[in-house]
Amino acid sequence: MAYEIRLDIFEGPLDLLLYLIKKNEIDIYNIPIALITYQYLQYMEIMRSLNLDLAGEYLVLASTLIHIKSRLLLPREEKDDFEEEPDPRAELVKQLLEYQSYKEAALCLDSRLLLERDVFKRSYGINETDVAGDDETELNLFDLVKAFQNLVSRMDKQELLEIKGERMSLSDRINEIMERLAQVQPLMFTDIIEEAADKRSVIYTLLAILELMKLRMVKAYQSGPFGVIKIFTAF
Amino acid sequence: MEYLKTIIEALILASETPLSIEKIAEIIGNVDKKEVYRQLHDIVREYKDRDGGICLQEVAGGFQFRTRSDMAPWIKKLKGVKYSLTPAALETLAIIAYHQPVVKSEIDKIRGVDAGGPLKRLLDRKLVRIVGRKDVPGKPIIYGTTKRFLEVFNLRDLSELPTIQELKELEE
């Protein structure tokens, strides 16, 4: 059987199912499960033969379809009361309809006049999709850790032995850094590390920055190797 | 203030993000917000009447100068950029926009497929952000849309989005 292959457009198993329903001009509330399952499995076979990485989700939906079919085949239990048994397909239909409405919403979003596609604004020195200038590369956590090691090795070893009673918490430090970023941007990594009085606060400062990066609250940029690391808020 | 409209126009041009009426009033000082609003709409009309390549657009809670949409082919030649969001990212974004605040597992469930990749792209493009963590076991991250989302999608605010119900009616 010849199939029109449009594999690249399927965003997932539900999308494939919706496509099959549309293609066969089927009433979504009355899906012929056997037919759809058959076609669905054929599509999966095509995808597999093309060596496409089949996500596990496709298999989950395939088994759901087969499960529904088997429930439809089983004779209904005789019940004393007149309570109607729910259609085994109801859950899937609900899911399909919900997905379809968001697909619609996505198309609606895409049809708007999009900035940088349909309309443009002035570009500024700092491009907001890329806070750094041309010569600045975004850093990962490891770069930051390395910079931290450099700084610590530069610090006076004697000083590091002093024990101070002062307590600080990671969330305090995070809040401090975010507050300062709200006032000035960018913050220089060396500045905030060097102003820390002792090893403990240096560690807390680094942990705070790492945590903020992980939470995507801040971003770090560096202009070339060994350059100054600048920290920006990420929103 | 004779000068008011001129100042407002200059402020908007110099601002990187859409400039709100509140911000304009705060900068100029000693000025009624209603007056700022009136002047803004004057400028909007002037640009419209002029029928040039630029218009003043109300977007993301503020005002911003933008090129006219039919100028896009030329500007694309100038900039050589292509704005693109994959269908997966768009679907994920739509779910977040309509469902926010929302956790990833809910997005996965609606789309029937893992949303990790598209979600990361949306975060990188600052169209969505982390709003917090849900107080349930595992403390999953809660996502919401950003101001940048409104700016990019040409929306004054979230209420400008058609409701899911309206979309369904549109389809029928």
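Analyst: Two residues are in contact if their C-beta atoms, placed from the backbone, lie within 7 Å. In chain B, 50% of the contacts between residues at least 6 apart in sequence join residues at least 24 apart. This is a predicted model, in which local features need pLDDT of at least 70 and side-chain atom pairs count only at pLDDT 80 or more, while totals for chains, interfaces and linings use all residues. Residues are numbered from 1 along each chain as its sequence is written, and chains are lettered from A and ligands numbered from 1 in the order in which they are written.

User: Which strands pair with strand 5 of chain B?

Analyst: Pairing requires that DSSP find at least two bridges between the strands. Strand 3 (residues 102-103) of chain B runs antiparallel to strand 5 (residues 141-145) of chain B, with 2 bridges; here B:Val103 faces B:Ile142. Strand 4 (residues 128-133) of chain B is also antiparallel to strand 5 of chain B, over 5 bridges, and B:Val128 stands opposite B:Thr145.

User: At what angle do helix 1 and helix 3 of chain B pack?

Analyst: Two packed helices are described by the angle between their axes and the distance between the axes. Helix 1 (residues 4-14) and helix 3 (residues 33-50) of chain B pack at about 70°, with axes 10 Å apart. Axes are lines fitted to C-alpha atoms over the stretch in contact, with angles from 0 to 180 degrees between N-to-C directions. The two helices of chain B are therefore roughly perpendicular (65 to 115 degrees). Among the residues making this contact are B:Leu4 and B:Ile8 of helix 1 and B:Val36, B:Leu40 and B:Ile43 of helix 3 of chain B.

User: How many residues of chain B are in contact with chain A?

Analyst: 37 residues of chain B are in contact with 34 residues of chain A. Helix 5 of chain B supplies the largest share of the chain B side, 8 residues.

Methods. Helices (H or I, at least four residues) and strands (E, at least two) are DSSP runs, numbered from the N terminus. Angles under 35 degrees count as roughly parallel, over 145 as roughly antiparallel, 65 to 115 as roughly perpendicular and the rest as oblique.
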